[in-house]
Amino acid sequence: GPLTFSGMWEGRPYEDLGTVLEVEAPRRLSYTHWSALSGTPNTPEHQHTLVFTLDEHDGRTSVALTQDNAATEEERNHSAAMWVMVLDGLKARRGRGGVGAAGDARVRRVKHRSSEGLNAE
């Protein structure tokens with residue numbers, strides 16, 4: 001189904017759009033994403049596909065993230081930095097009664113998955 005993300009980013013309001021592609025609770029979520037802040041039209045060639053995969057081992061949960069279709073290295077680097085910040089925030093919530101206090105969301109690596117995307121774990 002359709003997704004809408006809205007809020008403020010760097011002092012500017014935004015409304016991003018997407019579509020859920022796959023839900024395999026509680027392990028996997030994938031969806032498309034487009035941001036008006038990109039300055040591009042909301043067409044498939046300007047959308048990213050994000051895939052979140054959760055893996056539990058010994059009471060810890062790893063979050064792996066892939067994002068495709070980055071147009072430039074600058075865009076890939078921006079996305080990688082943003083996702084590291086998001087995953088670090090998820091980890092920080094762990095001890096404050098947020099995301100699974102017994103689990104762990106950790107950033108293990110950030111690398112380009114190809115010339116098109118990135119991988120963050």
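A residue counts as exposed when its relative accessible area is over 50%, and as buried when that area is under 20%. With that cut-off in mind, and remembering that this is a predicted model, begin by selecting D58, which is found in the loop between β4 (48–57) and β5 (60–67). D58 counts as exposed because its relative accessibility is 66%, and its phi is positive, at about 55°, although D58 is not a glycine.

Next, move to E10, in the loop between β1 (2–9) and β2. The phi of E10 is positive too, at about 50°, and again the residue is not a glycine; with 68% relative accessibility, E10 counts as exposed.

Then select A25 and P26, which are joined by a cis peptide bond with an omega of about -5°. P26 is placed in the loop between β2 (12–24) and β3 (28–35). As background to these stops, most residues other than glycine have a negative phi, and most peptide bonds are trans.

Finally, turn to the largest pocket, which holds about 890 Å³ of space. To find its centre, select D16, H33, S35, H78 and M82, which lie nearest to it among the 27 lining residues. If you then colour by element, you will see that β1, β2, β3, β4 and α1 (73–94) each supply at least two residues of this lining, with α1 giving the most, namely six residues. Coloured by residue class instead, the lining of the largest pocket divides into twelve nonpolar, ten polar and five charged residues.

How values were computed: Residues numbered from 1 in each chain as written. Predicted model: local features only at pLDDT ≥ 70, side-chain atom pairs only at ≥ 80, totals over all residues. Heavy atoms only, no water. Helix = DSSP H or I, 4+ residues; strand = E, 2+ residues; numbered from the N terminus. Buried < 20%, exposed > 50% of the residue type's maximum accessible area, 1.4 Å probe, protein only. 1 Å grid on protein atoms, 1.4 Å probe; cavity = no way out; pocket = protein on both sides within 12 Å on 5 of 7 lines; lining within 4 Å. Points joined across faces, edges and corners; volume = space filled by probe spheres on them. Nonpolar A, V, L, I, M, F, W, Y, C, P; charged D, E, K, R; others polar.
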